[in-house]
Amino acid sequence: MEVMAIRGDTLDALCYRHLGVTGGMVEQALALNPGISLHGPHLPMGLLVQLPEPPSAAAATAERPLIQLWD
């Protein structure tokens, strides 16, 4: 999926806005866009960025172990 950066965008903000997650997606987006890191943390407005496919619904609802701070 190709998206356009708006003013002040970062790669992780693009991933969160369009995919709903950042974990693992930012790394994949970096691999899909060689040289994007040369722009620095804030992407230029209007830059076209290739994003990975969104994670499947099954992966998003995978059961995680319950962590309790106090028992």
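Which residues are buried in helix α2 (residues 25-32)? I looked up Met25, Val26 and Ala29, and they are buried (under 20% relative accessible area; exposed is over 50%, partly exposed in between, 1.4 Å probe, protein chains only). Down the axis of α2, these buried residues fall within an arc of 100 degrees, so they line one face. I take the arc from the directions between helix axis and C-beta atoms.

I noted the provenance: this is a predicted model, where local features need pLDDT of at least 70, side-chain atom pairs count only at pLDDT 80 or more, and totals for chains, interfaces and linings use all residues. Numbering runs from 1 along each chain as its sequence is written, and side-chain values use heavy atoms, without hydrogens and water.

I checked the other face of α2. Glu27 and Ala31 are exposed there, turned away from the buried side. The buried residues pack against α1 (11-19) and β2 (48-50) (contact: heavy atoms within 4.5 Å).

I read off the fold next. The order is β-α-α-β-α, with helices (H or I, at least four residues) and strands (E, at least two) as DSSP runs numbered from the N terminus.

I followed Val49. Beyond its neighbours within four places in sequence, Val49 contacts Met1, Glu2, Val3, Leu11, Leu14, Asn33, Ile36 and Leu43.
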